[in-house]
Amino acid sequence: MPTLAEVEREACSCIRCPLAGGRTNVVFGVGDPHADLMLVGEGPGRDEDLAGVPFVGRSGKLLDKLLLQEMGLDRRSCYIANVVKCRPPGNRDPRPAEMAACRGYLDAQLDLIQPRVVVTLGNVATRAVMGTNDTIGHLRGRTYPFRHGSRGHGCLVPTYHPAAVLRGGGEAMAQMRADLVRAKEELVRPGNVAGEATGGVAGEATGGAAGEAAGPPAVAGQVHR
Ligand code: URA
């Protein structure tokens, strides 16, 4: 198994997809490589491309603020990455082929960091990590069992992308705050056993037909249910 630094080194010279041609910097990820919490966004924007660091623009400022206010965390105590590591032109959504080409880096990050709680930010990241076409508006508000690599149990909390919250205002902001509180509750839950992964709709994610009620497994075929 390579180290995170080795995977990052490889990513930094990656030419697996056309996004490589337009980048200033590869935006691999930032934070504590042993973090219990990992946040996954969509892909770098202009500010991130210039800095080589995820979520440093307006969205990032909001994310930092909400992490602190709702979870008591700053970004150094979590790990933040994106589905694609190079900026899509004009901040368009990454294309399926680009996400597929980049997927190995995100999978390696999840395997090596082994977060207990993964928070996906927005439709693109949530769909990519959960392997679903469902919308964030439908998926958020619950906690999903999530397993990656050799860690037995963890959970995934989908929430809005901070850029959508900046556009959407009050209601979206309140919902994102509630999602982060849910993620915090999961962080302090001892063991984070998949069967105990619960959310705001706790009964839907626990026991019995929890897997079905809570939606698709976070990583197809890898969830203990
Ligand atoms: N939006 C993302 O999805 N990721 C970033 O790093 C910045 C903005």
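Reader: Hi! Which residues does Leu-73 touch, not counting residues up to four places away in sequence?

Author: Leu-73 touches Leu-37, Leu-67, Leu-68 and Cys-78. Keep in mind that this is a predicted model.

Reader: Thanks. How far apart are Leu-73 and Leu-37, in sequence and in space?

Author: They are 36 residues apart in sequence, and the C-alpha to C-alpha distance is 9.8 Å.

Reader: And where is Leu-73 found?

Author: Leu-73 sits in the loop between helix 3 and strand 3, the latter being residues 79–82.

Reader: Does Leu-73 count as buried or exposed, and why?

Author: Leu-73 counts as buried because it has 20 C-beta neighbours inside 10 Å. The cut-off for buried is 20 or more.

Reader: Let's look at helix 3. How many residues does helix 3 have, and what span does it reach?

Author: Helix 3 covers residues 58–71, which is 14 residues. From its first C-alpha to its last it reaches 19 Å, close to the 20 Å expected at 1.5 Å a residue.

Reader: Which residues of helix 3 are buried?

Author: Ser-59, Gly-60, Leu-63, Leu-67 and Met-71 are buried in helix 3. They lie on the same side of helix 3, because they cover an arc of only 95° around the axis.

Reader: What covers the buried residues of helix 3?

Author: The cover includes helix 7 (162–168) and helix 8 (170–188).

Reader: Which exposed residues does the face turned away from the buried side carry?

Author: That face of helix 3 carries Lys-65, Leu-68 and Gln-69. Leu-68 is also one of the residues that Leu-73 touches.

Reader: Changing topic: which residues are around the ligand?

Author: Around the ligand are Gly-41, Glu-42, Gly-43, Pro-44, Gly-45, Glu-48, Pro-54, Phe-55, Ser-59 and Asn-82. Ser-59 is also among the buried residues of helix 3.

Reader: How many of the shell residues are nonpolar, polar and charged?

Author: The shell has three nonpolar, five polar and two charged residues.

Reader: In which sense do strand 1 and strand 3 pair?

Author: Strand 1 and strand 3 pair in the antiparallel sense, over two bridges. Val-30 has Ile-80 in strand 3 as its bridge partner.

Note on methods:
Residues numbered from 1 in each chain as written. Predicted model: local features only at pLDDT ≥ 70, side-chain atom pairs only at ≥ 80, totals over all residues. Helix = DSSP H or I, 4+ residues; strand = E, 2+ residues; numbered from the N terminus. Expected span 1.5 Å × (residues − 1). Buried ≥ 20, exposed ≤ 12 C-beta atoms within 10 Å, placed from the backbone. Arc of directions from axis to C-beta. Contact = placed C-beta atoms within 7 Å. Near = placed C-beta within 6 Å. Nonpolar A, V, L, I, M, F, W, Y, C, P; charged D, E, K, R; others polar. Pairing = 2+ DSSP bridges.
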